Amino acid sequence: MDIKQTIMQIKFNIEKYGFSNTVKKCCSKVFRVFVDVNKKEKEAYLKWIQNNEPTAEELEKQRKHKFKTNPKISIIVPMYKTKKEFFEELVESLLNQTYTNWELALADGSEEKNPELTEEEKDAIGEIGNIS
């Protein structure tokens, strides 16, 4: 449908259904297209993950691999009133890496320690390397 046909269709819908209902209908169509595109992208990504994700054996092989040099990788993460779920995902992701020579430095700009975190997690932030 070209732009002239689209405009004529919108004018017709406004006259027949009113402005508000026409806007709702347009938004609904746009949302449907957006959802369909996202669904296709998600399906494509899941297929890519299936084809490219390493097996348990490959991950173990990566963990055992010895490099000629073994540089320490510093991961510096700024934090400000970080939600517990995001902090836990960060730590879990790092712990699941196959390269183990890394350090985590957290720069927490929050005025006070995050009340969502357990005392153990708050202590771990200090032990990991909290930068003020």
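# Briefing: a predicted α/β chain and its contacts

Lys84 has a relative accessible area of 24%, so this residue is partly exposed. Its side chain meets that of Glu88 in a salt bridge. The model is predicted. The protein chain holds five helices and three strands. Of its 132 residues, 14% count as buried.

**Fold and confidence**

- Read along the sequence, the elements run α-α-α-β-α-β-α-β.
- The mean pLDDT of the protein chain is 80. A score of at least 70 is reached by 84% of the residues.
- Where pLDDT is low, the predicted coordinates should not be read in detail.

**Nonpolar core**

- The largest nonpolar core has six residues: Val77, Met79, Phe87, Leu94, Leu104 and Leu106.
- Three elements, β1, α4 and β2 (102-108), each give this core at least two residues.

- Ile75 sits in strand β1. Its relative accessibility is 23%, so Ile75 counts as partly exposed; the cut-off for buried is under 20%.
- Ile75 and Glu103 are 28 residues apart along the chain, yet their C-alpha atoms are separated by 6.1 Å.
- Lys81 belongs to the loop between β1 (73-79) and α4 (84-95).
- The phi of Lys81 is positive, near 50°, and the residue is not glycine. Most residues other than glycine have a negative phi.

**Nonpolar surface patch**

- Ile10, Ile14, Phe19 and Val23 make a nonpolar surface patch of about 330 Å².
- Helices α1 (3-17) and α2 (19-52) each contribute at least two residues to the patch.
- Phe19 is part of helix α2. Phe19 counts as exposed because its relative accessibility is 60%, and the cut-off for exposed is over 50%.

- A polar atom of the Thr22 side chain lies 2.7 Å from the backbone oxygen of Gly18.
- Asn52 is another residue placed in helix α2. Asn52 has 42% relative accessibility, so it counts as partly exposed.
- The Asn52 side chain reaches the backbone oxygen of Trp48, at 2.7 Å.

**Salt bridges**

- Two salt bridges are found in a search of the whole structure.
- Glu60 and Arg63 are separated by about one helical turn, because they are three residues apart in helix α3.
- Glu60 is partly exposed at 35% relative accessibility. Arg63 is partly exposed too, with a relative accessible area of 38%.
- The salt bridge of Glu88 and Lys84 spans 3.7 Å, N to O.
- Glu88 and Lys84 are four residues apart in helix α4, so about one helical turn separates them.
- Glu88 counts as partly exposed, at 34% relative accessibility. Lys84 is likewise partly exposed, at 24%.

- Thr98 is located in the loop between α4 and β2.
- Thr98 counts as buried because its relative accessibility is 18%, and the cut-off is under 20%.
- The side chains of Thr98 and Gln62 are joined by a polar contact of 3.0 Å.

Definitions and conventions. Residues are numbered from 1 along each chain as its sequence is written. Side-chain values use heavy atoms; hydrogens and water are left out. Patches are made of residues with over 30% relative accessible area and no salt bridge: like charges are joined within 9 Å, nonpolar side chains (Val, Leu, Ile, Met, Phe, Trp, Tyr) within 5 Å. Accessible areas come from the Shrake-Rupley method with a 1.4 Å probe; for residues, only the protein chains shown count as cover. A salt bridge is a side-chain nitrogen of Lys or Arg within 4 Å of a carboxyl oxygen of Asp or Glu. Buried means under 20% relative accessible area, exposed over 50%, partly exposed in between (1.4 Å probe, protein chains only). A nonpolar core is a set of buried Ala, Val, Leu, Ile, Met, Phe, Trp, Tyr and Cys residues joined through side-chain atoms within 4.5 Å. pLDDT is the predictor's confidence in each residue, from 0 to 100. A polar contact is a pair of N or O atoms within 3.5 Å; within protein, one must be able to donate a hydrogen and the other to accept it, and residues adjacent in sequence count only if both atoms are side-chain atoms.
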